[in-house]
Amino acid sequence: MPQRNNGLEEKALRLIMESENGILQCEMWKRLGLSSREGSRLAQRLEEKGEIERDRVLYEGRWTYKLNSKRRHVSLASIKDSPCLRCDDIDRCFEGGERSPISCEYLTRWIMENSGERRRG
Ligand code: SF4
C-alpha cells in the first residue's frame with residue numbers, strides 16, 4: 001500500500017522536522033500510533049531514502065535512535081538581500097529568457113559571497 005506508506009512517511013517527516021533538536025524514535029512511533037516494530041521500519045525507510053539521520057543514543061538505560069531531518073526549513077531571511085528582490089528585470093528573467101538566473105552575474109556573485117555564511121549559519 002504505497003499511498004498509505006507515503007502518507008505515514010510524510011507525517012513522520014513533519015514530526016521530525018518540527019522537533020528542533022531531533023526526536024527519539026520511540027517518541028515518534030508513539031505519537032504516530034505505531035508499534036515499536038512499525039516505527040523502526042519507518043525510520044529505517046526514511047534513512048535509506050536519505051530524508052533523515054539516525055544517531056544511536058542511550059535513553060533511560062536503553063539504546064534507541066535520535067532522528068533528525070536532513071530537510072531544513074527555508075526562511076525569507078535567507079534571501080532578504082538577494083539582488084532579484086530589487087531587480088528591474090525580474091519580470092523578464094527566466095530560464096531561456098532575455099535574462100536568466102542561470103547566467104546572471106549579480107545572482108552568481110551574491111551566491112558566492114553568501115554561501116559560506118549560509119553553511120556556517
Ligand atoms: S537572476 Fe539576475 S536578472 Fe534575474 S531577477 Fe535575479 S538579479 Fe535580476
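In the predicted model, the chain contains 4 helices and 3 strands, and read from the N terminus these elements follow the order α-β-α-α-β-β-α. The radius of gyration of the chain is 20 Å, whereas a compact globule of 121 residues would have a value near 14 Å. Along the principal axes, the C-alpha trace extends over about 60 × 35 × 20 Å. Of the 121 residues in the chain, 29% are buried, and the chain exposes about 9,400 Å², of which 48% is supplied by carbon and sulfur atoms. Among the contacts in the chain with a separation of 6 or more, 42% are accounted for by residues 24 or more positions apart.

Within helix 2, which comprises residues 25–31, is found Q25. The relative accessibility of Q25 is 6%, and because this value is under the 20% cut-off, the residue counts as buried. When residues up to four places away in sequence are set aside, Q25 touches S40, A43, R54, T64, Y65 and L67.

The loop between strand 3 (62–69) and helix 4 (105–120) holds D89, and I102 lies in the loop between strand 3 and helix 4 as well. D89 has a relative accessible area of 17% and is therefore buried, the limit being under 20%. The side chain of D89 makes a polar contact with the side chain of R92, at 2.3 Å. For I102, by contrast, the relative accessible area is 62%, so that this residue is classed as exposed, for which a value over 50% is required. The C-alpha atoms of I102 and Y65 are 41 Å apart in space, while the two residues are 37 residues apart in sequence; Y65 is also one of the residues that Q25 touches.

A ligand is present in the model, and the residues around the ligand are P83, C84, C87, I90, C93, R99, P101, C104 and L107. By residue class, this shell divides into 8 nonpolar residues, no polar residues and 1 charged residue.

Methods: Residues numbered from 1 in each chain as written. Predicted model: local features only at pLDDT ≥ 70, side-chain atom pairs only at ≥ 80, totals over all residues. Heavy atoms only, no water. Near = heavy atom within 4 Å. Nonpolar A, V, L, I, M, F, W, Y, C, P; charged D, E, K, R; others polar. Helix = DSSP H or I, 4+ residues; strand = E, 2+ residues; numbered from the N terminus. Buried < 20%, exposed > 50% of the residue type's maximum accessible area, 1.4 Å probe, protein only. Polar contact = N/O pair within 3.5 Å; in protein donor to acceptor, adjacent residues only side chain to side chain. Rg over C-alpha atoms; globule rule 2.2 N^0.38 Å. Contact = heavy atoms within 4.5 Å. Areas by Shrake-Rupley, 256 points an atom, 1.4 Å probe, with all protein chains shown as cover.
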